[in-house]
Amino acid sequence: MLPGYAFIKTHKVGGTTVQVLLQRALSEAKNATQCDTRNPNRERTCRSCLAHTTYVHIARAIRNPESKLAQSAVRSICPFWVPQRRVLSMIMLRRPVDKAYSHYHYERDNGWCRSRADGLGMDGCASDHLPFADWLMAPSTLLRQRKLLRTDPLPLLAETVHMLAGAAGWHEALRVLKVITVVGVTARFNDTLMALARGWDMPLSVLEK
């Protein structure tokens with residue numbers, strides 16, 4: 001049985017670049033199409049899940065391989081995820097402060113935050129009114145008093161730990177991280193491609209292209 005492929009696409013780690021790279025490379029090198037797309041006519045024979053909409057389900061399934069609930073949930077989106085099939089996984093890591101800085105500018109440059117603040121009757125986005133360090137460290141109670149919207153800072157700074165470990169903490173996150181086939185690092189993208197070529201048995205030339 002041919003392997004399946006799963007990318008745990010967390011936020012602000014260069015994940016969209018990796019997703020597009022994997023879409024093209026898997027199609028060319030492995031004849032594997034993506035399951036978790038918005039296309040309702042996706043192929044029944046798809047063998048990859050790569051999108052934001054799936055990453056929590058993938059992480060829970062990897063963390064709890066004996067959980068019928070976790071396995072069923074991921075299989076409903078990624079039908080290739082069956083016990084007999086080997087699933088190769090990948091995640092990208094980035095320094096928390098760099099992730100936060102990227103998210104800060106994403107809030108400033110993208111209209112979703114202002115639209116949401118308007119819909120909630122707030123006075124705008126905290127990122128429009130505060131410099132980066134103040135935006136990151138300001139207590140949520142202070143921002144609520146000023147009626148400024150900000151992404152919850154705890155998941156923002158430690159999203160990977162929360163997503164991999166649930167409520168169990170960083171020891172559990174490290175345990176799950178060791179099970180993932182390829183762990184890439186945003187600041188070392190070329191090295192990540194090398195690791196991906198080895199871990200997923202992909203031609204490096206296809207990834208680089």
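Reader: How many helices and strands are there in the chain?

Author: The model is a predicted one, and its chain has 12 helices and 4 strands.

Reader: What makes the chain as compact as a globular protein of its length?

Author: The globule rule gives 17 Å for 209 residues, and the radius of gyration of the chain is 19 Å; the two values are close, so the chain is as compact as a globular protein of that length. Along the principal axes, the C-alpha trace spans about 55 × 40 × 40 Å.

Reader: Why are strands β3 and β4 called paired?

Author: Pairing requires at least two bridges found by DSSP. I91 stands opposite V183 in β4.

Reader: Which residues of β4 form the covered face, and which the uncovered one?

Author: In strand β4, residues 182-185, V182 and G184 belong to the covered face, while V183 and V185 belong to the uncovered face. In a regular strand, side chains alternate between the two faces of the sheet.

Reader: Which residues is D123 in contact with, leaving aside its neighbours within four places in sequence?

Author: D123 lies in the loop between α5 (112-119) and α6 (126-129). Contact calls for heavy atoms within 4.5 Å, and beyond those neighbours D123 is in contact with H129, R146, K147 and L148. The C-alpha atoms of D123 and R75 are separated by 42 Å.

Technical notes: Residues are numbered from 1 along each chain as its sequence is written. This is a predicted model: local features need pLDDT of at least 70, side-chain atom pairs count only at pLDDT 80 or more; totals for chains, interfaces and linings use all residues. Side-chain values use heavy atoms; hydrogens and water are left out. Buried means under 20% relative accessible area, exposed over 50%, partly exposed in between (1.4 Å probe, protein chains only). Helices (H or I, at least four residues) and strands (E, at least two) are DSSP runs, numbered from the N terminus. The radius of gyration is taken over C-alpha atoms; the globule rule is 2.2 Å times the number of residues to the power 0.38.
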